[in-house]
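Reader: Hi, I've got a structure to look at and I'm new to it. Could you walk me through it?

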Amino acid sequence: MTQKVLVLFAHPSQHRSEVNQPLFESAKQIDGVTTVDLYAEYPTFNINIDREQQRLVKHDVIIFQFPLYWYSTPAILKEWQDLVLEYSFAYGPDGDALIGKAFFCSLTAGAKADAYHTDGYNHFTIRQLLYPLEQMASLTGMCYLPPFTLFGSRTALEEERIDGHLESWRNLLKRLVAGKVDLDIAAPAEKLNHYLDANPTQKREIK
């Protein structure tokens, strides 16, 4: 069973992007994936609510792609949530438009992985920092998956880690489109990267 995947990209400084821009460009090349550059489409933050809601309705997998800014999303993604995820559309007695869809974040973090632990510099794991988005998914009836994450993004280019991350990203998107990601297995992981590493040829259908 094929799936339609929606990537909502938010990066306010794309000219400085060494990782997110290549990820977004890669996603554009994959059949079954719809890509939206929110800052390009809404430079004044005047978000077209009806258009965004229709995009959500037409897709099975929703992805927020962004660099982690102050332990959260760039501003336009918060504005998008505030306006698009309306009562009686995304939640409430009649708000069932998103029930059963899959949702996760594809993000980059400047600090190394060991900074995102209880004893690390940032005191919390990436998954813990994204709890508000996990609860958003829960309230709207979506299946929340752990983030697809690149740590140490500031040094990824010089350390030659970007190509491998891009390959994993393309693999993930293709498997999502093909319906070959098992949500029950993927959901408990700390990162979707771990799921891919542990299930390189996993073929069970998306549920």
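Predicted model: local features only at pLDDT ≥ 70, side-chain atom pairs only at ≥ 80, totals over all residues.

Reader: Okay. Where does H165 sit, and what is it in contact with?

Author: H165 is in helix α7. Helices (H or I, at least four residues) and strands (E, at least two) are DSSP runs, numbered from the N terminus. Leaving aside neighbours within four places in sequence, H165 is in contact with V19, L23, F148, T149, L150 and N193. Contact means heavy atoms within 4.5 Å.

Reader: How do α1 and α7 pack?

Author: Helix α1 (residues 20-28) and helix α7 (residues 162-178) pack at an angle of about 35 degrees, and their axes are 10 Å apart. The axes are lines fitted to C-alpha atoms, for helices over the stretch in contact, and angles run from 0 to 180 degrees between N-to-C directions. P22, L23, S26 and A27 of α1 make the contact with H165, L166, W169, R170 and L173 of α7.

Reader: And which hand does the crossing of α1 and α7 have?

Author: It's right-handed. A crossing gets that name if the near helix is turned clockwise from the far one by less than a right angle, and left-handed if anticlockwise.

Reader: What about S26, buried or exposed?

Author: S26 counts as buried, because its relative accessibility is 11%. S26 belongs to helix α1 and touches L166, W169 and R170, not counting residues up to four places away in sequence.

Reader: Switching to strands. How many residues of β3 are buried?

Author: Seven of the seven residues in β3 (residues 61-67) are buried. Both faces are covered: V61, I63, Q65 and P67 are buried on one side, and I62, F64 and F66 on the other.

Reader: Which strands pair with β3?

Author: β1 (residues 5-9) pairs with β3 in the parallel sense over five bridges, and β4 (residues 102-108) pairs with β3, also parallel, over seven bridges. Two strands pair if DSSP finds at least two bridges between them.

Reader: What else does β1 pair with?

Author: β1 is joined to β2 (residues 33-37) by five bridges, and the two run parallel. There, F9 stands opposite D37. Five of the five residues of β1 are buried, so β1 is largely enclosed by the rest of the structure.

Reader: How many residues are in the largest nonpolar core?

Author: It has 36 residues, and those with the most contacts inside it are L56, F64, F66, W80 and F103. A nonpolar core is a set of buried Ala, Val, Leu, Ile, Met, Phe, Trp, Tyr and Cys residues joined through side-chain atoms within 4.5 Å. The largest share of this core, four residues, comes from α4. There's also a second, separate core of 30 residues, which includes A27, I63, F148 and I162.

Reader: Back to F64. What does F64 contact?

Author: Apart from neighbours within four places in sequence, the contacts of F64 include L8, L77, W80, F103 and L133.

Reader: Last one: where is L196, and is L196 buried or exposed?

Author: L196 lies in helix α9 (residues 192-198). L196 is buried, with a relative accessible area of 8%. Not counting residues up to four places away in sequence, L196 touches F148, S168, N171, L172 and R175.

Terms used: Residues numbered from 1 in each chain as written. Heavy atoms only, no water. Buried < 20%, exposed > 50% of the residue type's maximum accessible area, 1.4 Å probe, protein only.
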